Structure formats: structure tokens, C-alpha cells
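Here is a short report on a predicted model. It covers a cavity and a helix pair.

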Amino acid sequence: YTRTHMLSTPSSTRTVMTTDELRAQLEQLFPPFSASCAGSLFRSKDGCFTPHGLCAEFSRFYRAHVADFGLVEKVELFRLVESIVASDPHDSNPLANLVCTCFLENIADTEAGEISRPPMGPFSRAYFDPWHVRPSG
């Protein structure tokens, strides 16, 4: 696997984002995520995360703690998610793929997914909605 993925921001400038940089952004938004990473089963033998492992760990953490997060954290998270997903309209960016398949799909059909719909951007929501079966109440 490669740890470096090309990410096109909505302004069309190219930025290289590594798994470690994505992890740092997630830990900055959600400081308790750092402790979750330390004991993660998704880390490889060398202690690093694969890109998919990082998003799988974050989705587990997010589902468990979503009720503890304020609106500001959720808005900032989904601004980051939207910038990644919107940058890949041709489904060719591995980083966008893993954010969709290992985060958005993993929170779909959960309370965390329902809580997260309002701050999602249009590209994230377009991917998320077919996976999300709204809880019946």
C-alpha cells in the first residue's frame, strides 16, 4: 500500500496528504482519538495505520463518542470529509475511496449516521444517503 494520496481541494490546488497527516487532523479535532489509536487493532505490526485502518478506527471511535461532540467539531469534521469526497468526482482517489468506504459507510444505518447528516456536505451526503437506513421511531 502507499501512505501518500493526492487530494484535490475544492479550489483545485493539489495537496499531498499522508495517513499520518489525516490522523493528525482527526486528533486535532478530537483529542481523545489519540488514546483510541494507541490500542487500535487496526494498526499494522510496525505500529502504523494503513489508510483504511485509520478510517476504520476513526469510525469506531466516532460511533462510540458522537454524542460527546459539539456542533463545531462535527461541522469541522464534515468540512474535512467533504473536501476529500468532493475532490474526487471520477472515483480515482484512494483517499476519497477510503473516507467513503471506511467512514461514511461505517456510520451509515447508525445513530451516529443520523446525527451526522445535517453537517454533511452535498457530495458526502450523496454518497452516504443510499447506505443510510433511517432508524424507525
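## Lining of the largest cavity

The residues that line the largest cavity are 10 nonpolar, no polar and no charged. They are Leu 22, Leu 26, Cys 55, Phe 58, Leu 77, Leu 80, Val 81, Ile 84, Val 99 and Phe 103. Helix H1 (19-29), H3, helix H4 (71-86) and H5 each give two or more residues to this lining. H4 gives the most, with four residues.

## Cavity count and volume

How many cavities of 30 Å³ or more does a search of the whole structure find? The search finds two.

## How H3 and H5 pack

Two of the elements that line the largest cavity, H3 and H5, also pack against each other. Helix H3 spans residues 51-65, and helix H5 spans residues 94-107. Their axes lie 9 Å apart, at an angle of about 25 degrees. Angles under 35 degrees count as roughly parallel, so H3 and H5 are roughly parallel to each other. The crossing of H3 past H5 is right-handed.

## Residues in the H3 and H5 contact

From H3, the contact takes in Pro 51, His 52, Cys 55, Ala 56, Phe 58, Ser 59, Tyr 62 and Arg 63. From H5, it takes in Asn 97, Leu 98, Val 99, Thr 101, Cys 102, Phe 103, Asn 106 and Ile 107. By class, the contact of H3 with H5 has 10 nonpolar, five polar and one charged residues.

Key:
Residues are numbered from 1 along each chain as its sequence is written. This is a predicted model: local features need pLDDT of at least 70, side-chain atom pairs count only at pLDDT 80 or more; totals for chains, interfaces and linings use all residues. Side-chain values use heavy atoms; hydrogens and water are left out. Axes are lines fitted to C-alpha atoms, for helices over the stretch in contact, and angles run from 0 to 180 degrees between N-to-C directions. Angles under 35 degrees count as roughly parallel, over 145 as roughly antiparallel, 65 to 115 as roughly perpendicular and the rest as oblique. A crossing is left-handed if the near helix is turned anticlockwise from the far one by less than a right angle, and right-handed if clockwise. Contact means heavy atoms within 4.5 Å. Ala, Val, Leu, Ile, Met, Phe, Trp, Tyr, Cys and Pro count as nonpolar, Asp, Glu, Lys and Arg as charged, and the others, Gly among them, as polar. On a 1 Å grid over the protein atoms alone, a cavity is a set of points where a 1.4 Å probe fits but cannot get out, and a pocket is an open set with protein on both sides within 12 Å along at least five of seven lines; lining residues have an atom within 4 Å of a point. Grid points are joined across faces, edges and corners, and a volume is the space filled by probe spheres set on the points.
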